[in-house]
Amino acid sequence: MDKFFITGGIPLRGEVTIGGAKNAVVAILPATILAEDVCRIENIPNISDVSAMIEILSIMGAHVKYINKNTVEIDTRFINSYVVEHDLTKQLRASYYLIGALLGRFNRAEVANPGGCYLGVRPIDQHIKGFEALGAKVITDNSIVNAKADKLLGNSIYLDVVSVGATINCMLAAVKAEGLTIIENAAKEPHIVDLANFLNTMGADVRGAGTDIIKIRGVKKLHGCEYSIIPDQIEAGTYMVAAAATKGDVLVKNVIPKHLESITAKLIECGVLVDEFDDSIRVRMNRRPSKCNIKTMPHPGFPTDMQPQFTVLLSQARGLSVISESVWDNRFRYVEQLTSMGAVIHVGGKTAVVEGVDGLNHAVVRADDLRAGAAMMIAAFIAKGTTEIGDIYHIERGYENVVEKFRSLGAVIERREFPDDDQRIQMGAG
Ligand code: EPU
């Protein structure tokens, strides 16, 4: 169980380059199963969720070749089974995209549901509703999802909740289904648009991604392609907030400013100076932030995946801020860690009331999940003294070269390896 040791109190300054989007790549890698040739994918982030997905594809029989550390060529023609072992799928939540992709290719899929994470209940009823609308029979037994169709036929799918995962899984299953599929109340996140662009580059006919109605006309075959993943909106947002929270000055490069609008708007509301350029954003701050209320929403609303990082920023604000989480049932678990550092936050259900204070204390904390871990890092950059963060594997699932990138901004951060029998941290793990 490795840990970060961060000595805070230093304003972050300099330039940082953002990598490819985690939540796009974890959908695009399984989508290669639908292609009948080699796909070359560029701007792949160097994170453990990607290595896990690539390992799953390789074990299934795909030929995977790294051209360099961010470019991979995948040939899935050699995959001949629709069954994925449970031990593999439990490594990452996004393995449920294998259901849609395998169903699209073989009309069958047998994949273990990776189960709930730490954000609350994570049902997949809307994914199943979509598969069934396309003609599949879906049985879930002992957490194994078994989906089977004689033939997939296009249909209308109305999603009862706006779900990123269900939208993506329906797209994967529908691209080769016969006829027209219409997904209504679809999610509109940038990674949905990126997947649609990837599928279309392979010869699919997907229109309307980025709006709440996606129309897919099934095609018989998808060919190989070359594609570059979009920059990671949440990685960018995390560095923007870290710059503001440490009263620093950071140029965040390789971003799509349009994807960051809700984050930028909230930073400006807090009094942060934000300059937008074509593909970079400069964030500067020289005082305590102003209070600000936040409600998380599906895109284009404020992203839930930025909520923990903003709570840390607002823990330093002048005045009282209210943060409402409307996507996940249980996304304030990290608050306990933050209050141990001196933040004053009261959580009731899906709302947190943050009373701003000036500064935080160093402490021994842990990363409860990926974004909570990023929030702990920002808190540690603010705090005077050295903060120890455990369970950092959560952070490394989604932030590439996080130590090097923060160090290049002047952060004092060390990553130390500890044997797995470190009892204190194991007990802390959620
Ligand atoms: N929901 C249902 N039924 C379903 C699917 C979802 O009720 O069949 C509910 C969920 O319980 C939740 C809401 O709908 O309350 C939204 O869930 P969604 O399906 O959109 O989430 P997801 O696809 O499981 C992705 C990201 C999450 C991000 C959410 C929301 C990936 C791999 N994960 O999850 O990212 O929080 O969308 O934007 O794309 C992260 O990156 O840290 C992360 C957790």
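Predicted model: local features only at pLDDT ≥ 70, side-chain atom pairs only at ≥ 80, totals over all residues.
Residues are numbered from 1 along each chain as its sequence is written, and side-chain values use heavy atoms, without hydrogens and water.

**View A. The aromatic pair of Phe332 and Tyr334.** Rings of Phe, Tyr and Trp (its six-membered ring) pair if their centres lie within 6.5 Å; planes under 30 degrees apart are stacked, over 60 edge-to-face and the rest tilted. The count by this rule is seven aromatic pairs. Phe332 and Tyr334 make a tilted pair, at 6.4 Å centre to centre and 45 degrees between the planes.

**View B. An aromatic cluster.** Tyr239, Phe381 and Phe406 together form one cluster.

**View C. A positive surface patch.** Lys247, Arg287, Arg318 and Lys384 make up the patch (residues with over 30% relative accessible area and no salt bridge, like charges being joined within 9 Å; a salt bridge is a side-chain nitrogen of Lys or Arg within 4 Å of a carboxyl oxygen of Asp or Glu). Lys247 sits in the loop between helix H8 (233–245) and strand S15 (249–253). Lys247 counts as partly exposed because its relative accessible area is 33%.

**View D. Thr201 and Tyr227.** Thr201 belongs to helix H7 (residues 190–201). Its C-alpha atom is separated by 7.7 Å from that of Tyr227, 26 residues apart along the chain.

Methods
Patch = residues over 30% accessible without salt bridge, like charges linked within 9 Å, V, L, I, M, F, W, Y side chains within 5 Å. Areas by Shrake-Rupley, 256 points an atom, 1.4 Å probe, with all protein chains shown as cover. Lys, Arg positive; Asp, Glu negative; His and termini not counted. Charge placed at Lys NZ, Arg CZ, Asp CG, Glu CD. Helix = DSSP H or I, 4+ residues; strand = E, 2+ residues; numbered from the N terminus. Buried < 20%, exposed > 50% of the residue type's maximum accessible area, 1.4 Å probe, protein only.
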